[in-house]
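Hi,

Here's the structure I promised to pass along.

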Amino acid sequence: MSEFPEEPIYQQLARVSKALASPVRLRLLDVLDQRERTVEELATAAGVPLKNTSAQLQQLRAAHLVTSRRDGPRVYYRLADERVSRFLGELQGFAHDRLAGLRDAVRDRLGTLEGVTAGELAGRLADPATLVLDVRPAADYAAGHVPGAISVPLAELRERLAELPRDASIVAYCGGPYCVVSPEAVHVLREHGFDARPLDGGYLGWRRGCDSHST
């Protein structure tokens with residue numbers, strides 16, 4: 001017997017919170033938010049063992065946060081819809097405002113570089129003096145990127161510095177709000193005399209901001 005009449009309702013609501021109550025599952029959702037992937041691709045991109053990735057995906061599917069499609073022998077996973085992406089962005093922003101421990105962890109992991117906000121970048125896209133640099137893998141860039149951004153994956157950055165204009169103001173971005181790649185890219189660029197800053201929130205922060213303004 002239920003402890004209170006509304007308990008079945010709250011049990012259903014709790015299914016979503018239970019699905020999100022895992023750092024691994026939250027990480028998988030952020031990675032899938034950039035583009036769909038096979039379980040093998042997802043495990044590699046997220047840095048999670050394959051067996052664990054597969055098990056966590058089943059829990060995310062049960063909560064209808066993730067869906068899949070088959071293409072021949074391959075199964076591709078993606079977020080169920082854009083509402084999941086917006087919800088994740090709201091959750092991260094809410095937690096950042098409430099939890100000093102989260103702010104400390106972000107600062108310890110990403111450093112204290114002053115970033116460019118999505119709104120600021122939107123106002124600078126037409127400025128020829130601004131160069132937007134996507135330092136994610138080329139496949140992620142191909143799946144979607146900030147308008148006008150050029151693709152220079154971090155692994156290629158040092159070898160391709162000569163391609164970048166010395167007088168440009170560079171805004172570098174990677175996947176999401178907790179990605180360490182763009183801060184690393186900015187450090188490399190600054191070491192070689194470039195004016196560079198990271199994009200706050202990465203590509204996901206940019207896209208979520210665009211989605212919220214269009215709805």
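Helices here are DSSP runs of H or I with at least four residues, strands are runs of E with at least two, and both are numbered from the N terminus. Angles go from 0 to 180 degrees between N-to-C directions, with axes as lines fitted to C-alpha atoms, for helices over the stretch in contact.

Before going on, bear in mind that this is a predicted model: local features need pLDDT of at least 70, side-chain atom pairs count only at pLDDT 80 or more, and totals for chains, interfaces and linings use all residues. Residues are numbered from 1 along each chain as its sequence is written, and side-chain values use heavy atoms, leaving out hydrogens and water.

Two bridges link β4 (residues 130-134) to β5, and Leu133 has Ile150 as its bridge partner in β5.

There's also an open sheet of three strands, this one antiparallel, in the order β1-β3-β2. At its edges sit β1 (37-38) and β2 (66-71). Six bridges hold β2 to β3 (residues 74-79); Arg70, for instance, is partnered with Val75 in β3.

Now the cores, meaning sets of buried Ala, Val, Leu, Ile, Met, Phe, Trp, Tyr and Cys residues joined through side-chain atoms within 4.5 Å, where buried is under 20% relative accessible area, exposed over 50% and partly exposed in between (1.4 Å probe, protein chains only). The largest has 19 residues, and Leu29, Leu32, Leu57, Leu65 and Val66 touch the most other members. Helix α2 (23-34) gives the most to this core, with four residues. A second, separate core of 17 residues includes Leu131, Leu157, Ala185 and Val188.

One last thing: α5 and α6 (residues 100-110) pack with their axes 5 Å apart at an angle of about 100°, so the two are roughly perpendicular (65 to 115 degrees; under 35 is roughly parallel, over 145 roughly antiparallel, the rest oblique).

Cheers

Note on methods. Two strands pair if DSSP finds at least two bridges between them.
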